[in-house]
Amino acid sequence: MNLEHEIKKLNAIIEEYLQLDSIDTKSKTKEEVLGRMVASNILMDYHLTPAMLSNYYKKDRTTFNHYRKRHDEYMAFPKSYPEYIDLYKYVQIEYIKRAKNVNVLSKLQRAEVLDSVNRNIDELVERRQELLETL
């Protein structure tokens with residue numbers, strides 16, 4: 001279980017609903033942006049940060065800050081973008097239904113911690129190698 005697996009699971013639900021091949025592309029069609037926005041906001045609901053999301057989606061973290069701001073506006077005024085509200089609610093419910101462990105928040109947090117530890121280990125191994133080469 002890792003963060004990337006959970007993000008892919010969430011993306012799959014959105015891609016299925018929107019009938020897209022992938023929301024993890026450089027394309028900016030309305031549906032793809034809508035899908036990425038919903039996925040990102042659900043993940044941020046589970047305390048993933050824009051910096052964490054930028055590592056996966058390969059977008060600047062400010063994109064996710066923008067998504068969050070728009071999310072807050074759409075939630076305050078649901079009639080402004082009903083397609084967003086419908087998809088957001090559907091994905092939240094469907095993701096929890098498909099999750100093996102009902103405690104999704106805890107699972108995502110553990111996954112992020114594991115991914116962070118793995119990145120740190122990789123960086124330490126690289127640093128060790130650099131130091132060994134100087135001896």
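I looked up Glu73 first: its relative accessibility is 31%, and it counts as partly exposed. I am working from a predicted model.

Next I checked its partner. The side chain of Glu73 meets that of Arg70 in a salt bridge, 3.2 Å from N to O. Arg70 is partly exposed too, with a relative accessible area of 28%. Both residues sit in helix α4, three residues apart, so about one helical turn separates them.

I then asked how many salt bridges the structure holds. The count came back as five. I followed up two others.

Entry on Arg68 and Asp45. Their side chains meet in a salt bridge at 2.7 Å, N to O. Arg68 lies in helix α4 (residues 61-76) and Asp45 in helix α2 (residues 30-45), so this pair ties together parts that are 23 residues apart in sequence. I noted a relative accessible area of 23% for Arg68, which is partly exposed. Asp45 is partly exposed as well, with 25%.

Entry on Glu6 and Lys9. I found a salt bridge between these side chains, 3.3 Å from N to O. Both belong to helix α1 (residues 3-18) and lie three residues apart, about one turn of the helix. Are they buried or exposed? Glu6 is buried, with a relative accessible area of 2%. Lys9 has 18% relative accessibility; the cut-off for buried is under 20%, so Lys9 counts as buried too.

A reminder to myself on the pairing: side chains of opposite charge can pair when their charged atoms come close.

Note on methods
Residues are numbered from 1 along each chain as its sequence is written. This is a predicted model: local features need pLDDT of at least 70, side-chain atom pairs count only at pLDDT 80 or more; totals for chains, interfaces and linings use all residues. Side-chain values use heavy atoms; hydrogens and water are left out. A salt bridge is a side-chain nitrogen of Lys or Arg within 4 Å of a carboxyl oxygen of Asp or Glu. Helices (H or I, at least four residues) and strands (E, at least two) are DSSP runs, numbered from the N terminus. Buried means under 20% relative accessible area, exposed over 50%, partly exposed in between (1.4 Å probe, protein chains only).
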